[in-house]
Amino acid sequence: MKLEEAIQQKIFKSPQQKLIINLIYTHHWLDGLYTDFFKGKEITLQQFNVLRILRGQYPNYSNLKLIKERMLDRMSDTSRIIDKLVAKQYVERKNCPVDRRQIHLLITKKGLELLNELDFIDDESTLMCKNLTKKEVQDLNNLLDKMRQ
């Protein structure tokens with residue numbers, strides 16, 4: 001669906017304004033899809049992001065700094081997210097033997113099992129882009145990277 005139809009607006013101040021509104025609208029569209037993926041799993045997109053980061057580090061321990069650097073949502077309260085994942089037994093937290101100010105984080109077997117259940121999301125990502133050619137996907141990735149420079 002075209003943006004104009006979706007938000008019932010035909011005129012924009014500039015193509016740049018339309019682009020930004022389109023990106024925001026698309027972000028919320030994707031957020032809605034991910035919310036549906038997580039129904040019944042008692043997990044949020046931010047928690048999913050942390051678990052994927054920890055799975056990428058597994059079997060090595062990680063720390064809060066590394067997770068903060070890799071989060072997709074830089075405004076997330078990473079400490080609070082970790083606390084919730086620990087409470088759900090998806091993440092194990094240990095004190096660092098060398099530096100008591102630092103904690104070590106490791107995804108648990110339960111966390112790995114949850115991610116295995118959610119691996120279908122990677123296939124769904126392909127379906128979300130079904131109307132785009134491989135070249136268009138590559139071009140869009142390149143343009144978004146360029147926009148953030």
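In this predicted model, Glu92 forms a salt bridge with Lys94. The closest N and O atoms of the two side chains are 3.5 Å apart. Glu92 is partly exposed, with a relative accessible area of 29%. Lys94 also counts as partly exposed, at 39% relative accessibility.

Glu92 takes part in a further set of contacts, made with Thr108. Leaving aside neighbours within four places in sequence, Thr108 is in contact with Gln89, Tyr90, Val91 and Glu92. Thr108 is found in the loop between strand E2, residues 103-107, and helix H6. The relative accessible area of Thr108 is 16%. Thr108 is therefore buried, the limit being under 20%.

The structure holds ten salt bridges in total. Side chains of opposite charge can pair when their charged atoms come close. Two further pairs involve arginines of helix H3. Arg52 forms a salt bridge with Asp122, and the closest N and O atoms are 3.2 Å apart. Arg52 lies in helix H3, which covers residues 45-57, and Asp122 lies in helix H7, residues 120-128, so the pair ties together parts that are 70 residues apart in sequence. Arg52 has a relative accessible area of 33%, and Asp122 has one of 36%.

Arg55 counts as partly exposed at 25% relative accessibility. Asp119 is partly exposed as well, with a relative accessible area of 29%.

Helix H7 also packs against helix H2. The axes of H2 and H7 come within 12 Å. They cross at roughly 145°. H2 passes H7 in a right-handed crossing. On the H2 side, the contact is made by Trp29, Leu30, Leu33, Tyr34 and Phe37. On the H7 side, Phe120, Ile121, Glu124, Ser125 and Met128 make the contact.

Helix H2, residues 15-37, contributes the largest share of the patch, with three residues. Met1 lies in the segment before helix H1, which covers residues 3-7. Met1 counts as exposed, at 80% relative accessibility.

Another methionine, Met75, is placed in the loop between helix H4, residues 64-70, and helix H5, residues 78-87. Met75 is exposed, with a relative accessible area of 76%. The C-alpha atoms of Met75 and Glu124 are separated by 26 Å. Along the chain, Met75 and Glu124 are 49 residues apart.

Methods:
Residues are numbered from 1 along each chain as its sequence is written. Side-chain values use heavy atoms; hydrogens and water are left out. A salt bridge is a side-chain nitrogen of Lys or Arg within 4 Å of a carboxyl oxygen of Asp or Glu. Helices (H or I, at least four residues) and strands (E, at least two) are DSSP runs, numbered from the N terminus. Buried means under 20% relative accessible area, exposed over 50%, partly exposed in between (1.4 Å probe, protein chains only). Axes are lines fitted to C-alpha atoms, for helices over the stretch in contact, and angles run from 0 to 180 degrees between N-to-C directions. A crossing is left-handed if the near helix is turned anticlockwise from the far one by less than a right angle, and right-handed if clockwise. Contact means heavy atoms within 4.5 Å.
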